[in-house]
Amino acid sequence: MEYRKLGRTGLNVSEVGHGLWGMSDWSGADDKESLTTLQKSLDSGCNFFDSAWAYGSGHSDLLLGQLIKNNPGRTIIATSKIPPKNLKWPASSEYLFDEVFPRQHVFDYTQRILDGIGKDSIDLLQFHVWDDSWANEDEWKETISDLKSKKLIRHFGISLNRWEEWNGLKAIQTGYVDTVQVVYNIFDQAPEDELFPLCQKMNVGVIARVPLDEGGLTGKLTVDTQFPEKDFRTRYFGSGNLQATVKRADELKKLLPEGMLLPEMALRFILSSPAVSTTIVGMRNLGHLQANLKASDGRGLPEELLLKLRLHRWVRGTRSNK
Ligand SMILES: NC(=O)c1ccc[n+]([C@@H]2O[C@H](COP(=O)([O-])OP(=O)(O)OC[C@H]3O[C@@H](n4cnc5c(N)ncnc54)[C@H](OP(=O)(O)O)[C@@H]3O)[C@@H](O)[C@H]2O)c1
């Protein structure tokens, strides 16, 4: 496992981080298997774990807390997210800041998260949604400064709306944001245009999320794949998105270097960007863990292949729910 600086936080984070969403909210989640996978992940060098209160109403924070409890003295960089008070995903300029992250709400949920992970302070606290119309509000800046001065959080970040990588540039420019979490993968390359250069200039850590396009870049979906009704992926891959995704993934498979599978190529693509600090992958079993951690060996992908992958950028018009 290779490590990179998480921007101005100075934290040394594993290039492959562990995303916990699927362990709490998706069909097929199993706590025992999740904890075994998290432990193996830590033992294999992964030190960055991304949770959120909204993942199972605190369940994901509890899983992370169990990992921390089981491994006293070991470096586990814990991160979680404050849900929007109005429980609306994605954020929108139609919502007043006060409806979404009022001070008391942020303090209350910070405490819930700390209780869940079993610590007095969290390494990185993120707002789960963001809209740049709130960038000039004083309240969030004061709230974050207070949380830091009370040592409840060490660093602060925002999670950007899917396919709205531009919708955070103003917040970053305020200097109050230590990290951004953004959808970035072979399909969704737009963060390279404006977001990454700004983050590099401001020394803001970049957490690349949804590296495998919720499964679209694993190569295992077919046009007949179905998910249970309540599973987020039923919505995500609805309205023709599944068919379009499978077609694009099939094209990508033609570019695979010998012996490499699509998830590994997808992760290597992300790690080829020097702006990225870590990419958080949804890994719920040991097989996936083993396959994905291989991508962090410092070798990246040949330049020629990267150029070909650039042509697979997919500009999408609609937003999904998270
Ligand atoms: N708004 C936000 O802040 C936000 C939104 C979305 C995600 N996130 C964060 O980003 C993390 C990653 O995103 P994600 O989990 O949604 O999606 P993802 O990492 O793009 O994809 C996860 C999917 O890939 C599959 N997978 C993983 N490794 C594989 C491998 N080697 N071979 C085949 N399949 C593999 C998983 O399979 P199984 O289904 O079999 O486990 C799962 O279906 C989340 O866990 C969460 O921490 C944040």
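The model is predicted. The ligand is surrounded by 28 residues. Helix H3 packs against helix H5 at an angle of about 45°, and helix H11 is largely enclosed by the rest of the structure, because 9 of its 10 residues are buried.

**Around the ligand**

- The shell around the ligand holds 28 residues, and the closest are Gly 19, Trp 21, Ser 159, Leu 212 and Gly 282.
- Helix H1 (21-25), strand E10 (278-282) and helix H12 (286-293) are the elements that give two or more residues to this shell.
- By type, the shell residues comprise 10 nonpolar, 11 polar and 7 charged.

**Helix H3 and its contact with H5**

- Helix H3 covers residues 59-70.
- At 1.5 Å a residue, the 12 residues of H3 should span 16 Å, and the distance of 17 Å between its end C-alpha atoms agrees with this.
- Two packed helices are described by the angle between their axes and the distance between the axes.
- For H3 and H5, the angle is about 45° and the axes are 6 Å apart.
- The two helices H3 and H5 are therefore oblique to each other, because an angle under 35 degrees would count as roughly parallel and one from 65 to 115 as roughly perpendicular.
- On the H3 side, the contact is made by Asp 61, Leu 62, Leu 64, Gly 65 and Ile 68.
- On the H5 side, Ile 113, Gly 116 and Ile 117 take part.
- The residues of this contact between H3 and H5 divide into 5 nonpolar, 2 polar and 1 charged.
- The buried residues in H3 are His 59, Ser 60, Asp 61, Leu 63, Leu 64, Gly 65 and Leu 67.
- The cover over the buried residues of H3 includes H1, helix H2 (31-43), strand E4 (48-50), E5 and H5.

**Helix H11 and Ala 266**

- Ala 266 is part of H11, and it counts as buried because it has 27 C-beta neighbours inside 10 Å, where 20 or more are needed.
- Apart from neighbours within four places in sequence, Ala 266 is in contact with Asn 185, Ile 186, Pro 211, Leu 212 and Leu 217.
- Ala 266 and Asn 292 are 26 residues apart along the chain, with their C-alpha atoms separated by 9.6 Å.

**Residues in loops**

- The peptide bond from Trp 89 to Pro 90 is cis, with omega near -5°.
- Pro 90 lies in the loop between strand E5 (77-82) and helix H4 (97-100).
- Leu 87 is found in the loop between E5 and H4, and it has a positive phi of about 55° although it is not a glycine.
- Leu 87 is exposed, because 9 other C-beta atoms lie within 10 Å.
- Glu 214, in the loop between strand E9 (205-209) and helix H9 (232-236), is a residue other than glycine with a positive phi, near 60°.
- Glu 214 is buried, because 24 other C-beta atoms lie within 10 Å.
- Ser 296 sits in the loop between H12 and H13 and is buried, because it has 23 other C-beta atoms within 10 Å.
- Leaving aside neighbours within four places in sequence, the contacts of Ser 296 are Met 1, Glu 2, Ser 14, Glu 15, Val 16 and Leu 271.
- The C-alpha atoms of Ser 296 and Leu 64 are separated by 22 Å, and these residues are 232 apart along the chain.

**Exposed residues in helices**

- Gln 104 is in helix H5 (residues 103-117).
- Gln 104 counts as exposed because it has 9 C-beta neighbours inside 10 Å, and the limit for exposed is 12 or fewer.
- Gln 104 and Thr 143 are 39 residues apart along the chain, and 8.9 Å separates their C-alpha atoms.
- Lys 32 is in helix H2 and counts as exposed, because it has 7 C-beta neighbours inside 10 Å.
- From C-alpha to C-alpha, Lys 32 and Phe 127 are 29 Å apart in space, and they are 95 residues apart in sequence.

Conventions:
Residues numbered from 1 in each chain as written. Predicted model: local features only at pLDDT ≥ 70, side-chain atom pairs only at ≥ 80, totals over all residues. Near = placed C-beta within 6 Å. Helix = DSSP H or I, 4+ residues; strand = E, 2+ residues; numbered from the N terminus. Nonpolar A, V, L, I, M, F, W, Y, C, P; charged D, E, K, R; others polar. Axes fitted to C-alpha atoms, helices over the stretch in contact; angles between N-to-C directions. Parallel < 35°, antiparallel > 145°, perpendicular 65-115°, else oblique. Contact = placed C-beta atoms within 7 Å. Expected span 1.5 Å × (residues − 1).
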